[in-house]
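Thank you for sending this entry; my notes follow as numbered points, beginning with the ligand and ending with the chain as a whole.

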Amino acid sequence: MPNTPNWYDEGMGHIWLPYTQMKTAVPPLPVASTNGVRLTLSDGRELIDGIASWWAAAHGYNHPHILDAMKQQLEAMPHAMFGGLVNEPALKLAKRLAAMMPGDLNRVFIAESGSVSVEVAMKMALQYYFNRGEKRTKFVHFRGTYHGDTLGTMAVCDPEEGMHGLFGDVLAKNLLADLPRTQEAADQFAAFLKKHASDVAAVITEPLVQGAGGMVFHQPETLRWLREACDDAGVLLIVDEIFTGFYRTGSRFAVDQAGIVPDMLTLSKALSGGVSPLSVCIARESVFDAFYDDDPSKALMHGPTYMGHALGCAAANASLDLFEREDYAAKVHAIEGQMMAELAPCGFAPNVKSVRVKGAIGVVQLEDASAIETLKPKFVERGVWIRPFRDIVYLTPPLTIGEDDLGTLTGAIRDVLGA
Ligand SMILES: *Cc1c(COP(=O)(O)O)cnc(C)c1O
């Protein structure tokens, strides 16, 4: 690539990039700085970000409130181990998240990445039953879903998708089901779960949107059916809100739209506003109770080195300030309306199968996915950062994006798809 900085030329021969065929991939772009909804490349070009750094930068980049909170924390204490010691940002975060949660989702375990928080939820479910004298070893998971890249979470992702299909033989064997979308399917699912209940620790799902699986939506009823089936069969329910949490689907949490209380709920991505790696698994008091005992072996057996990371928790507390202080539901409502109006014409473009919008997620699905790779540079040429994958071109912009910048993003999609 022309005009690349020295660090790029010197480092590219040593870095190993994610999900990238290093031999044939188009070289990545060097990004030098960020601000608001913009990425600035090292050659000075600016791109409006339509993806919000994998859905994390909910408040836009370099939000002064988050940066100030982190600077203060950095001076006082970047981090201290969470074993035998606790810190103020972590405990504040736990208290605040518990207060935001529905029902008795009241105990917050703090980890670093989304995948690890899902691993923690899965371990909680397994040990919940062990502690009660039951050996349950399996999870029920759904087609089209994504819960992370670690070996445990891969075993509850869609088994056939390109991302993890390769590892099928070495992954734990769980029970795969279709997400129920009708009452009839819900009844069948409930019967299926009941039949296997004695071996199932938890059902795990993404709520309302299967994100990395292709931005596929489902109705809140589906979540209510899952909750009923789990209650009926006596199985725990894990809801993974790592993508949907913090207004992405319109409500603060996706479960709010269904009015259900899962047994464990995971959050990451927008939790820290996309600034610091941070995730949480929040459990109901009834789950916590199964670990609360005089017997030390009943304690939860997990503890990441960077657990309760003070700097990351300071970022998350500042992110929560912003979510509390400003009307994000209204912001997302406006984004949703604008994306519906401005992406609708794509429905008439050649090679477009469907257009769908939920909250701040706008999706144009193509008939023929083979064109996807050729689209990427066309977006960069138009000054926008949009990363089509599978058979979809989609937008998940920072929730703070203004009308004009969002118009530039939707305009680029119409233009590139020939709408
Ligand atoms: C991104 C994502 C994860 C994994 O989070 P990482 O931080 O990438 O490990 C898990 N579940 C869902 C729903 C996600 O969108």
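1. A polar contact is taken here as a pair of N or O atoms within 3.5 Å. The model is a predicted one, and the distances below should be read with that in mind.

2. Under that cut-off, the side chain of Asp240 places an N or O atom 2.7 Å from a nitrogen atom of the ligand. On its own the ligand has 380 Å² of accessible area, of which the protein covers 83%.

3. Besides Gly114, Asp240 and Lys269, the residues that surround the ligand include Ser113 and Ser115, the run Tyr146, His147 and Gly148, and also Trp55, Glu206, Ile242 and Phe243. By class, this shell divides into four nonpolar, five polar and three charged residues.

4. What volume does the second largest pocket have? The space in the second largest pocket comes to about 410 Å³. Its lining is made up of 18 residues, and those closest to the pocket centre are Arg107, Val108, Phe109, Phe288 and Leu300.

5. Which element gives the most to the lining of the second largest pocket? That element is E4, with four residues; strand E4 (105-111) and helix H10 (285-289) each contribute at least two. The lining of this pocket comprises 12 nonpolar residues, together with two polar and four charged ones.

6. Turning to the whole chain, the secondary structure amounts to 14 helices and 16 strands. The radius of gyration is 22 Å, close to the 22 Å that the globule rule gives for 419 residues, so the chain is as compact as a globular protein of that length. Along the principal axes, the C-alpha atoms fill a box of roughly 65 × 55 × 45 Å.

Technical notes: Residues are numbered from 1 along each chain as its sequence is written. This is a predicted model: local features need pLDDT of at least 70, side-chain atom pairs count only at pLDDT 80 or more; totals for chains, interfaces and linings use all residues. Side-chain values use heavy atoms; hydrogens and water are left out. A residue is near a molecule or strand if one of its heavy atoms lies within 4 Å of it. A polar contact is a pair of N or O atoms within 3.5 Å; within protein, one must be able to donate a hydrogen and the other to accept it, and residues adjacent in sequence count only if both atoms are side-chain atoms. Accessible areas come from the Shrake-Rupley method with a 1.4 Å probe; for residues, only the protein chains shown count as cover. Ala, Val, Leu, Ile, Met, Phe, Trp, Tyr, Cys and Pro count as nonpolar, Asp, Glu, Lys and Arg as charged, and the others, Gly among them, as polar. On a 1 Å grid over the protein atoms alone, a cavity is a set of points where a 1.4 Å probe fits but cannot get out, and a pocket is an open set with protein on both sides within 12 Å along at least five of seven lines; lining residues have an atom within 4 Å of a point. Grid points are joined across faces, edges and corners, and a volume is the space filled by probe spheres set on the points. The radius of gyration is taken over C-alpha atoms; the globule rule is 2.2 Å times the number of residues to the power 0.38.
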